[in-house]
Amino acid sequence: MRRRKIKKQIIRHDIRSEVTSVIAHQLKTPLVGIKSSLEVIVSGQLGEVLPTQKEYLRIALDEVERMVALVRDLLDAARIDQKELELKRQPTDLVKLVKEAIDNNMTFAKATNTEVSFAFDGKIPLVSADTAKIQQAINNIVDNAIRYEQRRGKVVIRLKMAGQKIIFSCQDNGIGIPNTEAKKIFSKFYRGRKAIELVPTGSGLGLYIARAIIEQSGGKVWFTSKPGQGSTFYFFLPVQLKNRNNR
Amino acid sequence: MEKQPKILVIEDDKFLNKLYSDQLRREGFEVSMAISGDEGLSKVLNENPDLVILDIVLPHKNGFDILSEMKLHAHTKNIPVLIVTNLGQDADIKTGLELGAVGYLVKTDFSITKLGEEVRKYLVMKQKKFSHNEAAD
């Protein structure tokens with residue numbers, strides 16, 4: 001009886017992932033059409049664009065890019081469910097990826113009055129991972145740290161070596177995560193009550209995808225948190241053994 | 001006046017086909033368009049384009065089939081093919097490159113304003129390869 005129920009749940013889960021995947025693929029083409037049209041207009045190739053018009057066109061372009069990212073996340077989530085997430089491992093420099101993640105989020109951080117700093121101890125060896133996917137995971141964690149700030153935000157990112165592992169941490173002084181939500185925070189589509197109050201929009205996919213990427217890369221992700229005081233998200237990745245000294 | 005390179009755009013979404021073709025025309029290329037796999041292959045064989053922009057998911061004949069057939073004909077096997085698709089999985093990229101595509105762009109990840117630059121890059125590479133082969137002969 002129980003086995004049949006589980007089988008039914010698996011089938012329903014598979015169908016849902018497949019539907020998500022089909023919808024996401026179908027959304028891509030019209031999004032590319034809108035994105036490309038806006039890019040051509042903004043570039044001025046079709047004639048002069050007034051600064052005020054450009055400002056609105058850029059907003060539209062940013063929103064389309066947000067939708068493209070959401071579609072990518074939905075597809076990644078469906079691939080994770082179907083155990084089809086492909087990782088292309090290569091020597092990856094975490095220091096560089098963290099710096100890029102900070103750069104990518106700098107405008108957002110300034111807009112939300114958040115100070116972001118980065119510290120690392122000595123030389124950080126390369127890890128063997130899918131550079132683009134780890135970048136996505138780091139971005140998701142840093143984005144959350146900035147997004148769920150209260151008043152004046154402070155985000156501190158650290159990298160350190162411990163044995164054969166590189167440990168990443170991202171500490172914020174944001175809203176924190178209550179104990180009752182701790183177990184669900186990495187679940188697909190899950191969003192905490194406070195998080196929804198603060199930022200109503202959000203897919204609840206960022207941490208789900210980040211965990212899958214880190215774990216599939218041989219690492220582990222976890223967090224500590226005090227409600228009202230902030231959270232620290234950690235992950236570790238194993239050091240790449242062959243080319244340890246090539247930085 | 002110097003003859004402009006001719007680019008064949010094989011893309012089944014008519015809006016995207018128009019966007020890519022208009023962009024290339026604005027950048028001075030001659031452009032031919034096809035909206036199905038059959039039409040695309042027929043134009044490759046008959047029009048002798050300098051470069052082909054090829055989507056993968058196409059009606060009648062998919063992009064990988066077109067690429068494979070192009071490699072069977074002496075007059076089309078050296079035409080550079082730039083795949084422009086929404087299939088961004090590594091396995092798809094690997095298949096495309098193994099079948100002989102010179103480049104692979106994922107539609108959501110690149111800006112259309114860079115399309116002309118990409119095309120010119122591969123045309124220059126083709127020219128260099130051609131000159132190198134001639135010198136070797």
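In which sense, parallel or antiparallel, do strand β3 (residues 51-54) of chain B and strand β4 (residues 81-85) of chain B pair, and over how many bridges? In this predicted model, the two strands pair in the parallel sense, over three bridges, and within this region V52(B) stands opposite V81(B) in β4(B). In general, the strands of a sheet pair through backbone hydrogen bonds, either parallel or antiparallel.

Both strands belong to an open sheet of five strands in chain B, whose order is β2-β1-β3-β4-β5 and whose pairing is parallel. Because β2 (30-34) and β5 (103-106) of chain B stand at the edges, each with a single partner strand, one side of each is left without a neighbour in the sheet. From one strand to the next, the twist averages 20°. Helix α1 (residues 14-26) of chain B packs on this sheet, where it touches β1 (6-10), β2 and β3 of chain B, and its direction makes about 170° with that of β2(B). Helix α2 (residues 37-47) of chain B lies across β1, β2 and β3 of chain B and runs at about 145° to β2(B). The UniProt record, an unreviewed entry, places the feature "domain: Response regulatory" at residues 6-122 of chain B, a stretch that is 42% helix and 20% strand.

Chain A is divided into domain 1 (2-81) and domain 2 (90-238), whose C-alpha centres lie 23 Å apart. The contact between them takes five residues from domain 1 of chain A and six residues from domain 2 of chain A.

Between the chains, 15 residues of chain A are in contact with 15 residues of chain B. On the side of chain A that touches chain B, the largest share, ten residues, comes from helix α1 (residues 2-42) of chain A, and by class this side has four nonpolar, seven polar and four charged residues.

Technical notes:
Residues numbered from 1 in each chain as written. Chains lettered and ligands numbered in written order. Predicted model: local features only at pLDDT ≥ 70, side-chain atom pairs only at ≥ 80, totals over all residues. Contact = placed C-beta atoms within 7 Å. Helix = DSSP H or I, 4+ residues; strand = E, 2+ residues; numbered from the N terminus. Nonpolar A, V, L, I, M, F, W, Y, C, P; charged D, E, K, R; others polar. Domains from an automatic or database assignment. UniProt positions renumbered as here; feature names shortened; annotations may be inferred. Pairing = 2+ DSSP bridges. Axes fitted to C-alpha atoms, helices over the stretch in contact; angles between N-to-C directions.
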